[in-house]
Amino acid sequence: MEVENHSSHQDFRHRPPQSDRGLNKRDESSQQVEDEFLKSDQSSKTNYMAELYTTASDILLKLRKHRGTVKTLCLEAPYKHKKKLYALICQTLKHQAAINAILKQVPFFEQEENISVELAQLLCHDLLFGGGLRCGGYLRYTVTKYESKLEDALSQVMINRGCRTKQDLEERCLSDAFPKYVRINTLRGTWSGILTGLERLGYELLSKESSTISHILSSKLAFYQDSHVKNLLAFHPRTDFHNSGLYKNGQLILQDKASCFPAIVLHPPPGAICIDACAAPGNKTSHLAAIMHNKGKIFAFDISKHRMQVLRRQLSRAGVTCVKTMQNSFLDADPTDVKYSAVRYILCDPSCSGSGIVSRMSHLVDDTSPGAKEQGRLESLSQFQVQIVLHALSFPNVQKVAYSTCSIHKEENEDVVATILEQNPLFELADALPKWPRRGISSVSLPKALASKCIRTVPEEDGTNGFFVALFVRKQKRQSPKQQNDALPKKRPKRARGRSLRRPVTA
């Protein structure tokens with residue numbers, strides 16, 4: 001999972017607009033105006049804000065190519081203010097339908113060779129919906145040339161859609177109807193201590209009878225304890241803990257409910273030796289460490305240098321001390337290496353399509369039905385996923401391997417499980433979270449008896465991201481009747497009464 005760097009728009013600040021594009025031949029006064037804009041772009045603040053747009057445009061491009069989620073791509077981006085970046089992208093996506101309709105009437109990006117569709121969408125959002133452009137220089141000069149036409153197009157779109165205000169054009173996300181899940185980190189605090197801290201902030205714990213999504217949607221200060229995941233709390237979807245001391249000191253970890261399932265299913269005991277095959281950004285790794293009470297060892301793999309830095313920061317904040325980070329591909333780890341000889345538990349959460357993550361607003365990014373190109377990508381991903389899990393099963397002493405994806409596609413879930421069971425007869429499926437009602441989808445290759453041992457989550461029905469989890473366990477060696485008889489404890493011979501069993505002493 002290497003971080004890709006797109007630099008197709010990095011030079012726009014130093015290139016003046018072409019005289020034959022978008023405008024009539026400029027006179028001397030307009031040239032002076034342009035020069036002033038370009039001079040203003042030399043300030044560090046302007047360059048900094050231009051970097052916000054170029055970074056965001058790269059992320060929008062990756063989203064359309066299904067190369068990650070909004071949150072993950074923002075974390076990986078080389079931009080300091082992640083929250084500002086994330087907000088810009090989310091708001092642009094929410095207004096994307098209206099923005100596209102506006103740009104269809106005023107396609108100024110076609111007239112400006114240094115402005116891509118993604119960059120035009122971001123600039124159009126800030127100009128029309130976001131309170132104004134946050135840049136100077138060439139970008140501001142270019143967009144303001146078309147400002148009146150863009151405003152006219154906005155008015156026309158509002159009329160066509162019967163909207164009275166700009167807010168009416170905003171598309172609501174499915175995630176707005178989901179709780180904000182927060183996991184109590186028992187490595188940094190206790191349930192009672194953190195609960196007291198939340199009450200001091202004004203939050204109120206609901207009773208078990210009132211612990212429903214509808215109750216927290218109606219109150220921004222109410223929260224409840226989840227009934228499936230220990231130490232998981234559910235808050236109003238707009239709750240923000242980033243500035244809270246409880247989050248900053250690692251007592252609270254922002255983690256979606258379904259994302260907690262893999263570590264719970266694997267459930268390594270304290271003192272165990274584990275591997276997290278695809279560890280970054282680290283929520284599942286820290287969850288494993290909490291379940292193990294920070295006792296034992298977890299080898300955490302990730303091939304990306306930047307993602308590894310994110311992982312280490314997350315683990316440090318969470319107070320995790322039992323992890324050995326490995327900046328390598330898990331596929332390069334030698335199962336026969338002596339340091340892995342005691343590994344009994346492996347968590348595999350490899351790269352996937354991310355089609356189950358509603359917070360990425362995939363329905364606002366692209367059509368979710370897989371076309372020919374997307375189908376080819378799913379096949380490529382599933383081959384990689386099979387490779388990861390089969391490699392995990394090749395560790396000589398591993399007993400349990402949890403496989404998970406944040407995908408809704410059968411190709412990455414049940415089909416992968418069926419292939420693994422076919423290729424490795426030494427392992428079988430265990431019943432993952434028996435009390436969870438939604439199970440895997442059966443097929444010819446994975447009959448109902450096996451598919452029902454896997455679990456799925458459906459966003460619209462379960463109030464969490466779409467997820468899939470399967471648990472592979474090593475089969476117990478079956479012994480022959482003779483082996484079973486030999487394994488029985490041997491009866492000691494009865495000692496004869498009044499007679500010593502010692503050998504007679506001979507001369």
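Mentor: What follows starts with the helix packing and then moves to the sheet and its surrounding loops.

The model is a predicted one, and every value below should be read with that in mind. Two packed helices are described by the angle between their axes and the distance between the axes, and that is how I will treat each pair here.

On the H5 side the contact is made by Ala98, Ala101, Ile102, Leu103 and Gln105, and on the H8 side by Leu150, Ala153, Leu154, Gln156 and Val157. By class, this contact of H5 with H8 has 8 nonpolar and 2 polar residues, and no charged ones.

H5 also packs against helix H6, residues 117-128, here at an angle of about 100° and with the axes 10 Å apart, so that H5 and H6 are roughly perpendicular to each other. In this contact Gln96, Ile99, Asn100, Ile102 and Leu103 of H5 meet Ala120, Gln121, Cys124, His125 and Leu128 of H6. The residues of the H5 and H6 contact divide into 6 nonpolar and 4 polar, with no charged residue.

H6 has a further partner in helix H4, residues 82-94, and the axes of H4 and H6 come within 10 Å and cross at roughly 90°, which makes H4 roughly perpendicular to H6. The contact is made by Leu88, Gln91 and Thr92 of H4 and by Gln121, Leu122, His125 and Asp126 of H6. By class, the contact of H4 with H6 has 2 nonpolar, 4 polar and 1 charged residue.

Turning to the sheet, we find an open arrangement of 5 strands in the order S2-S3-S4-S1-S5, with mixed pairing. Its edge strands are S2 (204-205) and S5 (252-254), each of which pairs on one side only. S2 is joined by 2 bridges to strand S3, residues 222-225, and the two run parallel, with Leu205 standing opposite Phe223 in S3. Helix H13, residues 283-291, lies across strand S1 (180-184) and S5, and runs at about 35° to S1.

Among the 12 aromatic pairs that the structure holds is that of Tyr203 and Phe241, whose ring centres are 5.7 Å apart and whose planes stand at 35°, so the pair is tilted. Tyr203 lies in the loop between helix H9 (191-200) and S2, and Phe241 in the loop between strand S4 (232-235) and helix H11 (245-248), so the pair ties together parts that are 38 residues apart in sequence. In the loop between S3 and S4, Asn231 has a positive phi of about 65° although it is not a glycine. Finally, the peptide bond from Ala280 to Pro281 is cis, with omega near 5°, and Pro281 is found in the loop between strand S6 (273-276) and H13.

Note on methods:
Residues numbered from 1 in each chain as written. Predicted model: local features only at pLDDT ≥ 70, side-chain atom pairs only at ≥ 80, totals over all residues. Heavy atoms only, no water. Contact = heavy atoms within 4.5 Å. Helix = DSSP H or I, 4+ residues; strand = E, 2+ residues; numbered from the N terminus. Nonpolar A, V, L, I, M, F, W, Y, C, P; charged D, E, K, R; others polar. Pairing = 2+ DSSP bridges. Axes fitted to C-alpha atoms, helices over the stretch in contact; angles between N-to-C directions. Phe/Tyr/Trp six-rings, centres within 6.5 Å; stacked < 30°, edge-to-face > 60°. Parallel < 35°, antiparallel > 145°, perpendicular 65-115°, else oblique.
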